[in-house]
Structure formats: structure tokens, C-alpha cells
Amino acid sequence: MDGLIVSPNSVIFITAVMLTFISTYTAIELLLMMRTTKGHMKRFLYVGSSFALGIAIWTLNFFNSLIGGDNRIVSMNVAISVLAFVLGTALAAMGFLSLSKKKLRLSQLLMASFLLSMAVLSSYIIGMYALQHSFAYNVVLLGIPFAILFCLFVVALLILFYPSRFNRGNTYFLKLVSTLVMTGAITQGHFLLLSAFPVNHAIGSINELLSEMPFIMYLLFFVSLLVLSGLITSSTIINRRLAKSDNYVKDIRFALDQSSIIAITDPKGIITYVNDKFVEISKYSEEELLGQSHSIINSGYHPKEFFGNLWSTIKQGRTWSGEICNKDKYGNFYWVYTTIVPFMENGKPYQFISIRSDITRRKQAEQDLKTSIRELQDIYNALNHSSIVMITDKAGKIVQVNDQFIAISGYTAEELIGRSHSILQSDYYTEALLKEIGETVRSGKVWKGELRNLAKDGGEYWVDATIVPYRSEAGKPTYFLSILHDITERKKSEELLHQQDKLAAVGQLAAGVAHEIRNPLTSMKGYTEFLQLDEKDPTRLEYLDIILDEIDRVNQIVEEFLVLAKPQSVKLETKNIVPIIQNVLSLMEFDARKKKVNFYFENMYDFIFVRCDENRLKQVFLNFVKNGIEAMPNGGHIKVTTELREGEVQISFEDTGVGIPPDRLKKLGEPFYTTKETGNGLGLMVSFKIIESHQGRIVVESEVNKGTAFNILLPLETA
């Protein structure tokens with residue numbers, strides 16, 4: 001009978017174990033929630049899980065201690081009992097703190113197991129002191145139960161946090177097993193510690209135990225109520241959190257359904273769910289899609305390797321993203337940007353969720369843009385090969401030129417880009433012209449016209465220009481595209497035709513006037529010479545000489561008219577031009593000395609043969625020498641040089657006279673245009689015409705106040 005009296009009361013023991021189990025399960029649930037929560041809720045769950053485990057440890061130790069000694073109800077120290085609970089809870093909190101990180105190392109798990117074992121040990125020892133018990137202990141026996149307790153906690157935590165070592169799929173089962181192991185550790189720890197710390201006094205009779213039962217039952221009821229209240233509170237928190245998470249998931253799903261095309265498939269690719277957006281874009285009904293594979297919307301646009309790579313990616317548990325061209329029920333193609341997320345279980349996918357966005361319009365826009373770019377590129381290539389192209393910014397600085405522009409201007413691209421367009425402007429660009437161009441293009445209109453530009457070497461070239469403004473979204477010009485065509489040869493032809501028209505007019509005038517003037521001139525000259533025969537007065541003889549000179553001058557003009565009116569056929573013969581030049585200089589030497597002009601003839605050759613009409617060539621040489629003498633009223637020198645170059649001979653007549661301004665230089669050779677006060681321009685025009693008949697050309701170079709050089713180029717003749 002005494003054996004029955006000393007053994008723990010079965011009702012109290014079972015109740016204590018149940019409360020410990022419930023508290024332990026609550027602690028584990030809150031701990032797992034804490035590991036996946038952030039913010040203030042995580043701290044609250046941390047405190048709750050520590051408090052629940054503290055109750056689990058204290059409950060079993062307290063109630064089992066009540067039935068393990070004598071006279072404890074009356075003499076229990078409440079403050080020390082509370083201290084036992086607080087210390088056990090604190091050590092449990094320290095253990096859970098080491099488990100709060102998402103990635104756990106084995107060392108952290110072992111530390112948590114040690115702290116939880118210490119929580120059980122400290123709660124038991126301090127609980128004994130609260131009941132004012134004296135007890136003995138054995139150090140060796142203490143180490144054994146503590147080691148067993150430590151190992152049980154390690155196993156419980158391994159089951160909880162290393163599920164891959166046990167059964168990874170059933171999380172609820174693992175939590176239950178871990179709770180049972182941890183409850184067993186707390187329960188077994190009590191009995192093992194009881195063996196290591198035997199109590200000195202025990203209940204002597206059944207009557208003593210029964211007399212204390214009402215208080216024990218009230219205390220049991222109070223603690224049970226406390227534990228159940230904590231459980232209900234934690235359950236309420238969990239339910240609220242789950243409800244909030246459920247609402248959060250519903251909101252996300254609603255947002256996805258409204259904005260995206262959603263489909264869920266099983267591991268074999270069979271469609272198990274589609275939303276309204278999927279039905280809308282595919283034109284299939286939901287019933288037609290469920291149970292089918294995605295091949296029902298396969299457009300055939302992508303090769304097999306494309307989908308092979310897709311399946312290989314998602315089966316490995318990796319997310320796949322990309323653009324896919326699908327086909328709807330009626331054969332129309334549409335494009336979607338797809339993200340496929342695999343959901344894994346035991347290392348294998350159990351479903352795939354596809355989130356798609358309709359990008360058909362964007363793909364069509366991209367295709368249209370590519371077509372436009374290709375067309376623009378073709379247009380640009382055509383312009384680049386057929387036209388001279390230049391782009392300038394709104395400040396007039398060059399930003400781009402093509403090869404044709406570089407070729408005609410003589411500049412490199414580096415020399416042009418960043419420079420102002422004024423680098424190309426000749427004197428043709430007047431302020432009025434620049435103002436007209438600027439106002440036209442800045443108003444957003446296209447300007448067209450002909451321009452004369454300046455090349456790098458100083459030469460000029462004509463272009464037919466079309467300047468197109470590029471406007472911004474605000475309608476203001478930002479760039480200007482100049483499309484130019486070289487019309488230099490056309491302008492030369494027009495100038496030549498203009499000259500020919502003038503010559504034709506002069507010729508017609510000469511034909512009508514020359515013969516009418518020549519007959520009176522002959523009579524006047526004859527009578528003047530007759531008067532000279534009988535005249536003795538020197539003054540009157542001087543007057544008659546002047547009359548004869550003027551008659552000769554008029555006659556020379558008439559002769560030039562006749563040359564223009566009826567060009568004589570040129571009889572070309574191979575001649576050495578060196579003696580011809582020397583003869584002309586000899587003829588003009590006397591007149592040159594009177595004007596204080598010196599001749600210099602620089603020639604390195606004895607023979608320079610050309611095919612020419614000697615008299616006509618002398619006429620040209622004489623004209624250039626006379627012009628040079630008249631250009632130096634205060635004296636100077638004329639240098640005549642010969643130079644052989646690439647099948648041609650260049651004969652230069654260079655004076656040190658007043659020079660010819662650039663604007664007048666361009667008009668030399670035109671009928672009736674002269675730089676002299678008493679000239680008529682016919683001499684130069686005739687000279688140009690004679691050299692042209694010899695298949696040559698004349699190049700005039702002049703600089704004001706330094707002199708002028710007439711360069712005659714004639715083809716060489718092999719002797």
C-alpha cells in the first residue's frame with residue numbers, strides 16, 4: 001500500500017503531460033512562424049514561443065514536485081517558484097534566439113539544445129527550493145540525465161529543422177513528432193533529475209495526500225486555465241495572421257488576374273487552370289483548355305530546340321522567362337512575354353505557373369520600326385551614293401557629312417565635324433541670302449536654291465541645295481539635312497553658252513559695222529597722208545600724226561571686230577615658240593624702255609615645239625606684253641618664263657603692276673569688259689579665242705598691288 005502512496009498521482013501526472021505537450025506544440029508553432037516573419041510581429045512571436053516553452057517546462061516540474069514530498073503546499077515560496085518559471089523561460093528564449101536565423105548551422109542547433117536542457121535543470125532545482133525541500137545530489141548521476149536530456153532535444157530539433165534527413169514532404173507530421181520528442185525529453189528529464197536529486201521527505205499516508213488534494217486541484221485548474229488561455233491567444237494570433245495572409249494572397253491573385261495571363265499546368269504540361277485573360281487572348285473556352293497541353297496554342301514559329309531548352313530549365317527548378325509566339329483558336333498569331341515558375345517537392349516539380357503579358361502590339365511596333373529603319377537605311381544609302389549630304393545642328397555646326405561631301409570639299413571628316421558651315425561659304429553668300437535661308441528653315445520650311453561653295457584648296461564649286469529641317473516634338477528645328485548635287489559643270493556650260501551668246505551678238509554687230517567703218521577710214525587715212533606731203537608747219541604735222549594714229553587705232557578695233565564676225569580658219573604648223581617669244585620681246589623693247597619697263601626671259605630650252613599659227617600666237621603674246629606695260633604706269637618689269645609639264649608647255653607673262661581684284665578677275669575675256677580706262681575688252685576676248693583654237697587654255701593669276709600673271713598652256717608637239 002505504501003508503494004501506491006509514494007508513486008505520482010496518475011490524474012495530476014497525465015494532466016501535466018498534456019499541458020506540457022500543448023505548450024510545447026504551441027512553442028514550436030510560434031517558433032516556426034517567427035523564422036518566416038519580419039518586423040514587430042517577429043519579436044512578439046519570439047516572446048510567445050519562449051513563454052510557451054517556459055510554461056511547458058515549469059508545469060510538469062511544478063505538478064510532479066507537488067506529489068513528491070511532504071508539507072509543501074503550506075510552506076511553498078511563491079517568489080522562488082516564479083523565479084523558477086522566469087529562469088526556465090529566459091533559458092528557453094536564449095535557446096530559441098540561436099534558432100531564429102533562416103540558415104542554421106549544427107553548432108547553433110547544439111547550443112539551443114544545451115540551453116533548453118539547462119532550462120529544464122534550472123527549473124527543477126529552483127522548484128525544489130521553492131517547496132523548501134532539502135535534497136542530496138550525485139555528480140555522476142547528474143551528468144547522465146543531463147546528457148540524455150541534451151540528446152533528446154538535439155533529436156527533436158534535427159527532426160524540426162533538418163527534414164531532409166527524415167520525411168521532407170509531411171511538415172505537420174514532423175512538427176508532431178518533434179513535439180512528442182521534446183515533451184518526452186521534458187518528462188523524462190524530470191524523472192532522471194529526480195533520481196540525481198532525491199528528496200529527503202515523502203508523504204507518509206494517503207490521508208495526508210487526500211487532505212491536500214482540493215488545493216492541488218484548484219492550483220491545477222488555475223495553471224490549466226493559464227496554459228489554455230495562452231494557447232487560445234496564440235491560436236487567435238495565428239488565425240488572424242493566416243486570414244491576413246489569405247487576404248494578401250487573394251489580393252495578389254486578383255491583381256494578377258486583372259493584369260496578366262495566368263495558366264497552371266501539372267508536371268506533364270497538362271493545363272489545370274487558366275484565368276479569364278488566357279481565355280480572352282486564346283479565343284478558347286476554359287473547358288476546351290483544361291486537360292490539354294500548351295501545344296493547343298503552339299504557333300510553329302519557334303523551333304523544337306526552343307521548347308527543349310524551356311523544359312530543361314523549369315524541370316531543374318529554375319524560372320524561365322522569354323517571348324513566345326502563340327496561335328489562337330482561329331489561327332491568328334499573338335506574342336506574350338512569359339515567366340514560368342516551377343514549384344518543387346522532393347526535388348521534383350509538381351506544378352508550373354505561367355505568368356504572361358500580351359506584347360503583340362509591341363512586337364508589331366518593333367517590326368514596323370525595323371521596316372522603317374531598313375527603308376530609311378536604304379534611302380540613306382541611295383542618298384549617300386547619289387548626293388552630297390551634310391547634317392548641321394541648330395547652331396549651324398556640322399555634325400555629319402558623307403564621302404561625297406568630303407570628296408568635293410577637299411576637307412576630311414575630322415576637319416568638318418564641329419565646325420561652322422561658314423567654312424564653306426564663298427563671297428556668293430550675301431547677308432540677304434543667309435537671312436533668307438535662315439528664316440526659311442527655322443520656320444520649318446524646306447529651302448531650295450543654288451549655292452557657290454568654297455573648297456579647302458580655295459577653288460569654288462556650285463551645288464543645287466535642298467535644306468530640310470528636322471523638328472522636335474515641340475515643332476522646333478533641331479537639325480538641318482542638306483542634300484546637295486554638284487552642278488559645277490552645268491554652271492560652266494551655262495557660262496560658256498552665255499559667252500557664246502555675247503560673242504554671237506558681237507559678231508553680228510561686227511558684221512554690220514566693220515565694213516561700213518573701214519571704207520571711210522581708208523579715205524581719211526589717204527587724205528591725211530596726202531596733207532602731210534605739202535605741210536611744212538611742225539605743229540600741224542604733229543596734229544596730222546595724231547590723226548593717223550587714231551585712224552590706225554580705229555582700224556585695229558575694226559580688225560578685231562572682223563575676227564569675231566568671221567573667224568578665219570587656223571592653219572597650224574609645227575613651230576619652235578622660243579624664237580617667236582624672243583621676236584615679240586624685241587618688237588616691244590623700245591616701247592618698254594620709254595615706260596621704264598624691263599623684260600626678263602627665263603628659258604632653259606632651245607627648242608619647244610608646238611602646232612600653231614605663228615601670226616595669231618604673236619598677236620596673243622603682243623597683247624599680253626602691252627597689257628603688262630600699261631598696268632605699270634610708274635615702270636616695273638615683265639618676266640616671261642617657259643616650263644614643260646606633262647605633255648604641255650606653260651608660257652607665263654608676269655608683271656609687277658597694280659593687279660586685278662578677284663571680282664573683276666572672273667569676268668576677264670567677256671566682250672567689252674576691260675580693267676583699263678581706255679580699253680574695250682576685245683583684245684583679251686580675241687586672245688582667249690585664239691588660244692582655244694590652238695587646243696590650249698589661259699589661266700590668269702593676280703594679286704592687287706603685286707602684279708598679274710597670264711599663263712598660256714599649249715599642247716607639246718614632238719619634233
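Trainee: Which residues form a nonpolar patch on the surface with about 260 Å² of accessible area together?

Mentor: This is a predicted model, in which local features need pLDDT of at least 70, side-chain atom pairs count only at pLDDT 80 or more, and totals for chains, interfaces and linings use all residues. Residues are numbered from 1 along each chain as its sequence is written, and side-chain values use heavy atoms, without hydrogens and water. Patch residues have over 30% relative accessible area and no salt bridge, with nonpolar side chains (Val, Leu, Ile, Met, Phe, Trp, Tyr) joined within 5 Å and like charges within 9 Å; areas come from the Shrake-Rupley method with a 1.4 Å probe, only the protein chains shown counting as cover for residues. The patch is made of Val399, Tyr470 and Tyr479.

Trainee: Is Glu29 buried or exposed?

Mentor: Buried means under 20% relative accessible area, exposed over 50%, and partly exposed in between (1.4 Å probe, protein chains only). Glu29 has a relative accessible area of 17%, so Glu29 is buried.

Trainee: Which residue forms a salt bridge with Glu29?

Mentor: A salt bridge is a side-chain nitrogen of Lys or Arg within 4 Å of a carboxyl oxygen of Asp or Glu. Here the closest N and O atoms are 2.8 Å apart, and the partner of Glu29 is Lys175.

Trainee: Which side chain is joined to Arg356 by a polar contact of 2.8 Å?

Mentor: Arg356 is buried and has no salt bridge. A polar contact is a pair of N or O atoms within 3.5 Å; within protein, one must be able to donate a hydrogen and the other to accept it, and residues adjacent in sequence count only if both atoms are side-chain atoms. The side chain joined to Arg356 in this way is that of His294.

Key:
Lys and Arg count as positive and Asp and Glu as negative; His and the chain ends are not counted.
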